[in-house]
Amino acid sequence: MASARILLLVTGGIAAYKACFLARLYMQAGFSVKVAMTDAATRFVTPMTFQVLTGHPVATDLWGEGQSVALDHIEYARWADLAVVAPATANNLAKLTAGIADDMVTTQLLAFPGPVLVAPAMNDNMWDHPATQANVALLKQRGVHFVEPADGWLACGTVSKGRMAEPEDILAATRELAAVIPAREELSATKSAPGFWPGQKVLVTAGPTHEPIDPVRFLGNRSSGAMGYALAQAAMQQGARVTLITGPTELPVPRGLEQVVRIQTACELSDAVATALQEGCQWLIMTAAVADFGLPQPSAGKMKKEDLGDNWTLTLSRNPDILAETVPLHRDDDLKVVGFALETEDVLTRAEAKRKAKSMDYIVANNPIAPGSGFGTGDHQVTLLGAQGVIWASDSQPKARLAGQLLQQIADHENKA
Ligand code: C5P
């Protein structure tokens with residue numbers, strides 16, 4: 001979403017001057033930007049600089065006293081699609097971890113339900129301090145996204161890690177995040193038949209599986225998880241209660257999900273799906289790219305190339321087919337199943353055969369090498385099939401919009417049935 005609305009939150013460090021360049025890069029890239037600053041940040045750069053760069057008043061004061069325009073204390077948080085804290089001081093990270101809201105930046109952050117990207121900047125000892133590292137680890141666990149500080153010259157005179165990432169790198173990370181957030185307009189344009197998704201319990205599986213060979217090697221696949229994450233986000237935005245079971249991905253977990261379960265292997269995914277089905281849900285959306293084969297007994301220690309010779313043969317055994325084997329054991333009559341089929345030839349015929357063989361209500365057929373499609377966070381094109389054949393063939397479009405439209409198509413089809 002190149003037109004995403006970014007709330008740029010600036011805290012008090014010398015790197016605040018680099019946030020001015022970042023604001024300008026965002027504007028040039030077509031984002032809308034509004035800025036909030038802590039009092040300490042205004043000691044390094046004036047709010048007027050950001051006001052001129054973004055064309056919007058800058059929020060600095062919870063009481064509106066120092067601002068040209070009176071702003072409601074969480075007005076910008078309601079407006080934004082994405083929040084970026086750059087630079088984030090150690091103090092700001094600690095407050096964010098604890099949920100403190102005692103200045104304009106932390107107040108907006110606590111009130112903001114969307115994805116958050118943080119670019120820390122501080123003295124190297126402050127960055128290495130166990131308190132800061134524990135805060136960063138906890139924030140990552142909660143789904144906060146980081147652009148790690150870089151090695152380099154620090155204002156305190158040392159050369160070490162702690163310097164804020166360059167504005168170009170923060171822009172690149174922001175673009176990646178923005179690509180998986182549906183715009184507010186897209187969400188309301190793709191709202192499903194009223195009342196269909198609200199309250200429904202939806203289980204989404206996403207991403208690849210990793211099948212360990214030894215403690216350092218695994219067999220994986222090229223699934224990014226983007227489609228599953230977009231579906232989880234879209235279902236949630238349309239009122240569903242969503243559990244996401246995710247394989248290893250770099251994507252930020254959408255905030256507001258009911259539950260997130262992380263798995264590595266196909267067997268772990270199978271167990272997690274069984275548990276979630278036993279707890280009860282109405283929809284299973286199976287986007288995960290499950291490895292069909294894995295090693296029955298991965299090596300406990302790292303396998304050494306000296307011991308493997310010139311040719312290394314691995315014996316793989318079949319993993320459970322979750323839709324065909326696990327789901328039927330735990331399936332209630334009212335569970336609806338949506339599967340995905342990734343095919344490069346005879347796409348629709350093969351997809352329909354899979355739908356029938358695995359007792360799915362719907363299957364989404366896609367070809368990753370067709371023009372306008374692909375892995376990752378770019379555009380994609382799919383065909384939705386049900387028991388009566390093709391229901392909908394999409395245009396090539398961003399996965400976030402595609403996810404909203406797929407849910408709309410399914411809701412419309414269910415309502416007609
Ligand atoms: O890999 P395949 O093309 O058969 O995948 C079709 C559907 O089956 C997908 O929705 C996928 O998540 C699911 N699947 C599964 N268990 C497997 C392999 C695939 O549930 N072992």
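Predicted model: local features only at pLDDT ≥ 70, side-chain atom pairs only at ≥ 80, totals over all residues.
Reader: OK. How many residues does H12 have, and how far does it reach?

Author: H12 covers residues 266–279, which is 14 residues. From first C-alpha to last it reaches 20 Å, close to the 20 Å expected at 1.5 Å a residue. The expected span is 1.5 Å times one less than the number of residues.

Reader: Which residues of H12 are buried?

Author: Ala-266, Leu-269, Ser-270, Ala-272, Val-273, Ala-274, Ala-276 and Leu-277. Buried means under 20% relative accessible area, exposed over 50%, partly exposed in between (1.4 Å probe, protein chains only).

Reader: And what do they pack against?

Author: Strands S8 (201–206), S9 (211–212), S11 (241–246), S12 (259–262) and S13 (283–286), plus helix H14 (322–330).

Reader: Switching topic. At what angle do H5 and H8 pack?

Author: About 50 degrees, with their axes 9 Å apart. H5 is residues 90–98 and H8 is residues 130–141. Axes are lines fitted to C-alpha atoms, for helices over the stretch in contact, and angles run from 0 to 180 degrees between N-to-C directions.

Reader: Parallel or oblique, then?

Author: H5 and H8 are therefore oblique to each other. Under 35 degrees is roughly parallel, over 145 roughly antiparallel, 65 to 115 roughly perpendicular, and the rest oblique.

Reader: Which residues meet there?

Author: Ala-90, Leu-93, Ala-94, Leu-96 and Thr-97 in H5 meet Thr-132, Asn-135, Val-136, Leu-138 and Leu-139 in H8. Contact means heavy atoms within 4.5 Å. The residues of this contact are seven nonpolar, three polar and no charged. Ala, Val, Leu, Ile, Met, Phe, Trp, Tyr, Cys and Pro count as nonpolar, Asp, Glu, Lys and Arg as charged, and the others, Gly among them, as polar.

Reader: What about H1 and H9? What's the angle there?

Author: H1 (residues 16–28) and H9 (residues 167–178) pack at about 45 degrees, with axes 9 Å apart. That makes H1 oblique to H9. H1 brings Lys-18, Phe-21, Leu-22, Leu-25 and Tyr-26, and H9 brings Pro-167, Glu-168, Ile-170, Leu-171 and Thr-174. By class, this contact has seven nonpolar, one polar and two charged residues.

Reader: Now loops. Where does Arg-217 sit?

Author: In the loop between S9 and strand S10 (218–219). Arg-217 counts as partly exposed, because its relative accessibility is 25%. Leaving aside neighbours within four places in sequence, Arg-217 is in contact with Pro-212, Lys-302, Met-303 and Trp-312.

Reader: Which peptide bond to Pro-87 is cis?

Author: The one from Ala-86, with omega near -5 degrees. Pro-87 is found in strand S3 (residues 82–88).

Reader: What is phi for Asp-346?

Author: Positive, about 45 degrees, although Asp-346 is not a glycine. Asp-346 lies in the loop between strand S16 (336–342) and helix H15 (347–357).

Reader: Buried or exposed?

Author: Asp-346 counts as exposed, at 54% relative accessibility.

Reader: And Ser-359, what's its phi?

Author: Near 50 degrees, a positive value in a residue other than glycine. Ser-359 is in the loop between H15 and strand S17 (362–366). At 47% relative accessibility, Ser-359 counts as partly exposed.

Notes: Residues numbered from 1 in each chain as written. Heavy atoms only, no water. Helix = DSSP H or I, 4+ residues; strand = E, 2+ residues; numbered from the N terminus.
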